[in-house]
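Okay, thanks everyone, I'll keep this short. Let me put the structure up and then walk you through it.

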Amino acid sequence: MSLLRSTLRAAPLSSRAFSTSPRASLAKMSLIGRLASAPELLTTPSGRELLRYAVGVNTGPKEAKETSWYQIASFSEGPQRDLILGLPKGTLVFVEAESRMRKVETGDGGGKPAYRLDLVQRTGSIDVLSRPQARDESSQYEATAGAEAEAGDEAMAARG
């Protein structure tokens, strides 16, 4: 038992036995919100394909609800890129993205600097929680026609 205690005391607290790589900084955001529009596929000047989409996140009570909009970039490829491109506006998604604050130049020449939050979604960090309700005209027609038929049947029964 005393051998175990002396071994534990001898190990420095700053050592990381589970990793040989140096510590890295990480800024990550998790968002649950709805797609503002269908994602779009762009090509960077270097020829790499980039997915861009925006997610709106609602906060606050119903009376004072506020929506924050986040622009997200993704370099996903293959089936995941196809999945994201196929998502319609209004889809509820869970996204994990790396975040970085960048200083940007403003055109007004003012003294205050402007900052922009860049979000980059990595492979495997998006989940579809629900798709928007389909508003199919034929189903609306059937529902209206069904209600009218029931009203007609009730009127006939009242007369007869």
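Let's start with Glu-49, which is partly exposed, at a relative accessible area of 36%. Before I go on, a reminder that this is a predicted model. So what does the Glu-49 side chain do? It meets the side chain of Arg-81 in a salt bridge, 2.1 Å from N to O. Glu-49 sits in strand S3 and Arg-81 in helix H2, residues 79-85, so this pair links distant parts of the chain, 32 residues apart.

Stepping back to the overall layout: the protein has three helices and six strands. Going from the N terminus, you read α-β-β-β-β-α-β-β-α. There are 160 residues, and 21% of them count as buried. If you take contacts with a separation of 6 or more, 59% are between residues 24 or more positions apart. The accessible surface is about 12300 Å², with carbon and sulfur atoms holding 53% of that.

Now the inside. The largest nonpolar core has 15 residues, and Tyr-53, Val-55, Ile-72, Val-93 and Val-95 have the most contacts within it. Which elements give two or more residues to this core? Those are strands S1 (28-35), S3 (49-59), S4 (66-74), S5 and S6 (114-130). S3 is the top contributor, with four residues.

Have a look at Tyr-53 in particular. Ignoring neighbours within four places in sequence, its contacts include Leu-35, Pro-39, Tyr-70, Ile-72, Ile-84, Val-95 and Ile-126.

Back to charges. In total, the structure holds five salt bridges, and some of them join up: Arg-100, Arg-102, Arg-116 and Asp-118 form a linked network. Is Asp-118 buried or exposed? Buried, because its relative accessible area is 12%, and the cut-off is under 20%. Its side chain meets that of Arg-116 at 3.0 Å, N to O, and that of Arg-100 at 3.8 Å, N to O. Arg-116, for its part, is partly exposed, at 40%.

Last thing, the surface. Met-101, Tyr-115 and Leu-117 make a nonpolar patch there, with about 320 Å² of accessible area together. Met-101 belongs to strand S5, residues 92-104, and counts as exposed because its relative accessibility is 53%, where exposed means over 50%.

Note on methods:
Residues are numbered from 1 along each chain as its sequence is written. This is a predicted model: local features need pLDDT of at least 70, side-chain atom pairs count only at pLDDT 80 or more; totals for chains, interfaces and linings use all residues. Side-chain values use heavy atoms; hydrogens and water are left out. Buried means under 20% relative accessible area, exposed over 50%, partly exposed in between (1.4 Å probe, protein chains only). Contact means heavy atoms within 4.5 Å. Accessible areas come from the Shrake-Rupley method with a 1.4 Å probe; for residues, only the protein chains shown count as cover. Patches are made of residues with over 30% relative accessible area and no salt bridge: like charges are joined within 9 Å, nonpolar side chains (Val, Leu, Ile, Met, Phe, Trp, Tyr) within 5 Å. A salt bridge is a side-chain nitrogen of Lys or Arg within 4 Å of a carboxyl oxygen of Asp or Glu. A nonpolar core is a set of buried Ala, Val, Leu, Ile, Met, Phe, Trp, Tyr and Cys residues joined through side-chain atoms within 4.5 Å.
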